[in-house]
Amino acid sequence: MFCYQCQETAKGTGCTIKGVCGKTENVANLQDLLIYTLKGISIFALQAREMGIVRPEIDKFIMESLFTTITNANFDRSRFVARIEEGLKLRDELKQAIIKAGGTISADLNDAATWTGSAGEFDQKAALVGILTTENEDVRSLRQLLTYGLKGMAAYAEHAYTLAYKEDGIFAFIEKALAATLDDTLAADALVALNLEAGKYGVEVMALLDKANTTTYGNPELTKVNIGVRNNPAILVSGHDLKDLEELLIQTQGTGVDVYTHGEMLPAHYYPAFKKYDNFVGNYGNAWYKQDKEFESFNGPILLTTNCLIPPKDSYKDRLYTTGAVGFEGIKHISDRADGQSKDFSALIAHAKQCPSPTEIETGEIIGGFAHNQVLALADKVVEAVKSGAIKRFFVMAGCDGRMKSRDYYANFAEALPKDTVILTAGCAKYKYNKLNLGDIGGIPRVLDAGQCNDSYSLAVIALKLKEVFGLDDVNQLPISYNIAWYEQKAVIVLLALLYLGVKNIHLGPTLPAFLSPNVAKVLVENFGIAGITNVEDDLKIFLG
Ligand code: SF4
Ligand code: SF3
């Protein structure tokens with residue numbers, strides 16, 4: 001195996017024996033083969049599109065498959081075997097549809113579009129199609145940057161799709177870009193351009209998801225979220241899928257079972273639509289990597305709706321349920337919706353009733369809900385505070401949290417920031433400083449949490465609005481600095497989206513991606529001012545200097 005898609009990759013270069021995340025060699029290789037299969041399908045999907053052949057099931061399959069390969073989403077070998085089998089079938093059906101419609105199949109197709117095999121042969125094939133088969137390290141780097149951006153894009157597209165929002169242009173781009181990663185005639189310049197184009201679609205997909213979420217559940221609003229517990233049996237929901245949460249809340253009504261959020265599900269509390277459920281109690285715990293302890297003390301069943309799942313401990317394994325893109329061998333999986341019906345969470349509800357109520361690990365409240373609509377409602381106050389000098393600078397500290405000790409930097413950085421600065425955050429990165437009580441500036445909290453990682457879109461909308469209000473030509477003239485923490489591939493599409501919007505001088509940490517070759521990193525440094533982090537003191541001097 002060779003995987004270097006996340007920030008925690010072994011030795012900062014690549015996992016080669018087993019993933020630091022717990023992914024086995026076998027699953028890593030099958031994920032590579034699934035991606036390879038998707039690339040082959042994409043070759044035909046492009047041709048089919050040109051011929052006007054519409055196959056929504058292909059777009060959906062590619063989107064969902066990419067999502068399953070995101071870090072900490074799916075560790076279940078059988079799910080990848082089944083997906084590869086289905087992919088080969090869909091690919092060949094699409095080819096036949098092209099022939100039937102009068103199309104000509106090229107005699108010079110890439111192996112990804114022609115290979116075939118049975119489940120027993122997948123491991124052998126998988127070993128031949130990994131990342132390292134691209135020999136030129138810069139081409140490999142640009143192909144992988146693009147592929148990881150597509151994984152993030154697909155995850156966000158899937159959330160929107162679940163709420164019945166989709167855009168054909170996003171699917172078309174994903175397929176074009178996947179096919180392009182097979183094209184040996186594409187030089188580095190063309191691949192750089194494709195990565196920037198991915199950023200354009202990154203903005204589109206996050207805007208689409210924002211529309212899906214806010215139209216369905218209302219605009220996030222300033223909300224105080226309880227972090228204590230009640231004395232009832234309860235279910236904990238983690239991940240990013242709001243539809244799963246909604247259906248669970250409906251099904252738990254009147255059962256005496258409470259519902260709490262964990263990790264990236266915290267921002268669900270900010271949506272008006274979820275406030276009507278009196279059993280939706282609060283948020284339990286912190287970011288994903290603390291689940292091994294927090295799932296244990298929660299005592300009740302846990303529903304993992306998307307990444308980040310870590311290999312479960314025996315102490316709570318039997319209380320864990322996965323759904324959607326998530327999976328782990330031996331863990332119960334709640335099936336997808338069939339024929340417009342809701343998912344069936346009755347097993348979790350029955351299970352909860354057999355369990356003790358959660359053990360309290362914290363008490364109090366945290367505040368959030370500062371997505372674009374809420375911040376723009378406070379725009380006069382914010383603008384006034386900037387004009388009067390009460391707010392000197394904003395720090396966008398969005399992204400991911402993670403288990404590496406080096407991430408303490410972000411808590412220390414937040415604490416060391418001068419009191420006349422405001423943190424704009426989104427994603428699970430917030431857990432490093434959202435309980436620090438950093439105070440407020442004239443009633444404006446110093447940590448403004450917009451929501452999940454996809455709500456980084458809100459931060460861009462806010463920046464663009466401020467640019468307009470202050471009559472500036474360039475978003476980089478605003479008193480905003482970017483100190484972003486990344487972990488997995490959703491952060492990659494957020495980064496590409498920010499670059500597309502013209503944001504310069506983004507600091508990325510705790511380490512730069514291993515998949516950036518020295519030359520590709522140089523392009524990002526020279527053209528966009530991308531930089532890493534060093535230590536709080538020196539970085540503050542740079543940011544405030
Ligand atoms: Fe390693 Fe990250 Fe890949 Fe897991 S996802 S195998 S930790 S690089
Ligand atoms: Fe976190 Fe996994 Fe990235 Fe959605 S839950 S931000 S790491």
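This is a predicted model: local features need pLDDT of at least 70, side-chain atom pairs count only at pLDDT 80 or more; totals for chains, interfaces and linings use all residues.

What covers the buried residues of α15?

Modeller: Residues are numbered from 1 along each chain as its sequence is written, chains are lettered from A and ligands numbered from 1 in the order written, and side-chain values use heavy atoms, with hydrogens and water left out. The chain has a mean pLDDT of 97, with 100% of its residues at 70 or more. For the complex, the predictor gives 0.98 for ipTM and 0.98 for pTM.

Now the helix. Helices (H or I, at least four residues) and strands (E, at least two) are DSSP runs, numbered from the N terminus. Helix α15 covers residues 408–416, and its buried residues are Tyr 409, Tyr 410, Ala 411, Phe 413 and Ala 414. Buried means under 20% relative accessible area, exposed means over 50%, and partly exposed is in between, with a 1.4 Å probe and protein chains only. An α-helix has 3.6 residues a turn, so residues three or four places apart point the same way. The cover over the buried residues of α15 includes the strands β9 (393–396), β10 (421–425), β14 (480–485) and β15 (506–509), together with helix α19 (536–544). Contact here means heavy atoms within 4.5 Å.

Most residues other than glycine have a negative phi, and most peptide bonds are trans. The loop between β15 and α18 (518–528) holds Pro 510, and the bond joining Gly 509 to Pro 510 is cis, with omega about 5°. The loop between β10 and β11 (440–441) holds Asn 437, whose phi is positive, near 50°. Asn 437 is exposed, at 72% relative accessible area.

Cys 308 is in the loop between β5 and α11 (314–317). Cys 308 is also among the contacts of Gln 291, along with His 262, Glu 296, Leu 309, Ile 310 and Tyr 316, leaving aside neighbours within four places in sequence. Gln 291 belongs to helix α10 (residues 291–298) and counts as buried, at 1% relative accessibility.

Strand β5 is part of an open sheet of six strands, ordered β4-β3-β2-β5-β6-β7, with parallel pairing. Its edge strands, β4 (280–283) and β7 (332–334), each pair on one side only. Two strands pair if DSSP finds at least two bridges between them; β6 (residues 320–323) and β7 run parallel and are joined by three. Thr 323 stands opposite Ile 334 in β7. Helix α12 (residues 346–353) lies across β2 (234–238), β5 (302–304), β6 and β7, at about 135° to β2. Such angles run from 0 to 180 degrees between N-to-C directions, along axes that are lines fitted to C-alpha atoms, for helices over the stretch in contact.

Lastly, the ligand. The residues around ligand 1 include Met 1, Cys 3, Tyr 4, Lys 23 and Thr 71; near means that a heavy atom of the residue lies within 4 Å. This shell divides into seven nonpolar, four polar and one charged. Ala, Val, Leu, Ile, Met, Phe, Trp, Tyr, Cys and Pro count as nonpolar, Asp, Glu, Lys and Arg as charged, and the others, Gly among them, as polar.

Note on methods: pLDDT is the predictor's confidence in each residue, from 0 to 100.
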